[in-house]
Amino acid sequence: MSELTLTVMRLGFLAVLWLFVIVAVQVIRSDLFGTRVTQRTAGRREAQTRPPQQRQQAQAAQGRQQQNNNRARRGAPTKLVVSEGSLAGTTVALQGQTITLGRAHDSTIVLDDDYASSRHARIYPDRDGNWIVEDLGSTNGTFMDRNRLTTPTPIPLGAPIRIGKTVIELRK
């Protein structure tokens, strides 16, 4: 073997070794400190790039829609609260978007639970304004009032939904 080939192989091996060390440190760091939760602001950035006239029209339309929704659903839940588990006390505002739960880093609520799947369940609004919970084929299942969910099910206000050691509820 030539000197050049041997040097390239040594540098390649060194690079792979350092890559392994960096990945190992990141895994240990995430185990010790958990994952970082970030705000998603894509909608805000999109709204800021519009011309001012379109922005005002969009804000007015959104305000009218929110007023209509508030009038139509006075008794509807406004937040999702984690009542048990490692995230106890966490609150997510219900704004009509789908909420995903699981161990995946792109989930809305990232569960640090050995009994949760990476894409465990989702909670979404239906056309009537009710909130639906759906198990996404998880291994250990999603439970509401001690019953395992097999189909998308409407969530009553205050009903406990258990995913592993984590319990969540819809509240006003």
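This is a short tour of one protein chain, from its overall layout down to a few single residues.

Hi everyone, thanks for coming. Please keep in mind throughout that this is a predicted model.

Let's start with the layout. The protein chain contains three helices and 11 strands. The chain has 172 residues, and 25% of them count as buried. As for contacts with a separation of 6 or more, 35% are between residues 24 or more positions apart.

Now to the sheet. Six strands make up an open sheet, with antiparallel pairing, and their order is β2-β1-β11-β10-β7-β8. Which strands are at the edges? Those are β2, residues 91-93, and β8, each of which pairs on one side only. Looking at the β8 end, strand β7, residues 143-144, runs antiparallel to β8 and is joined to it by two bridges. If you want to find one of the partners on screen, go to F143, whose bridge partner in β8 is R148.

Next, the interior. As a general point, nonpolar side chains in soluble globular proteins tend to be buried together. In this model the largest nonpolar core has 21 residues, and L80, L101, I123 and I155 have the most contacts inside it. At least two residues of this core come from each of β1 (79-84), β3 (99-102), β5 (121-125), β6 (131-135), β10 (161-163) and β11 (166-171). Take I123 as an example: leaving out residues up to four places away in sequence, I123 touches L80, Q97, T98, I99, L101, W131, I132, V133, I155 and I168.

Let me move to T142, in the loop between β6 and β7. Is T142 buried or exposed? T142 counts as buried, because its relative accessibility is 0% and the cut-off for buried is under 20%. Its side chain makes two polar contacts that I'd like to point out. One goes to the side chain of H120, at 3.2 Å, and another, at 2.5 Å, goes to the side chain of D135. Setting aside neighbours within four places in sequence, T142 is in contact with a list of residues that includes A121, V133, N147, R148, L149 and I161.

Two other loop residues give a contrasting picture. P152 is in the loop between β8 (147-148) and β9 (153-154). With 42% relative accessibility, P152 counts as partly exposed. Beyond four places in sequence, P152 touches Y124, I132, V133 and E134.

G96 has 49% relative accessibility and so counts as partly exposed. Not counting residues up to four places away in sequence, G96 touches P125 and W131. G96 and P125 are 29 residues apart in sequence, yet their C-alpha atoms are 6.1 Å apart in space.

Last topic: aromatic rings. How many aromatic pairs does a search of the whole structure find? The search finds zero. There is a charge over a ring, though: the charged end of R122 sits over the ring of Y124, 4.2 Å from its centre. Y124 is also one of the residues that P152 touches.

That's my tour, and I'm happy to go back to any of these residues on screen.

Definitions and conventions
Residues are numbered from 1 along each chain as its sequence is written. This is a predicted model: local features need pLDDT of at least 70, side-chain atom pairs count only at pLDDT 80 or more; totals for chains, interfaces and linings use all residues. Side-chain values use heavy atoms; hydrogens and water are left out. Rings of Phe, Tyr and Trp (its six-membered ring) pair if their centres lie within 6.5 Å; planes under 30 degrees apart count as stacked, over 60 as edge-to-face and the rest as tilted. A charge sits over a ring if NZ of Lys or CZ of Arg is within 6 Å of the ring centre and within 35 degrees of the ring normal. Helices (H or I, at least four residues) and strands (E, at least two) are DSSP runs, numbered from the N terminus. Buried means under 20% relative accessible area, exposed over 50%, partly exposed in between (1.4 Å probe, protein chains only). Contact means heavy atoms within 4.5 Å. Two strands pair if DSSP finds at least two bridges between them. A nonpolar core is a set of buried Ala, Val, Leu, Ile, Met, Phe, Trp, Tyr and Cys residues joined through side-chain atoms within 4.5 Å. A polar contact is a pair of N or O atoms within 3.5 Å; within protein, one must be able to donate a hydrogen and the other to accept it, and residues adjacent in sequence count only if both atoms are side-chain atoms.
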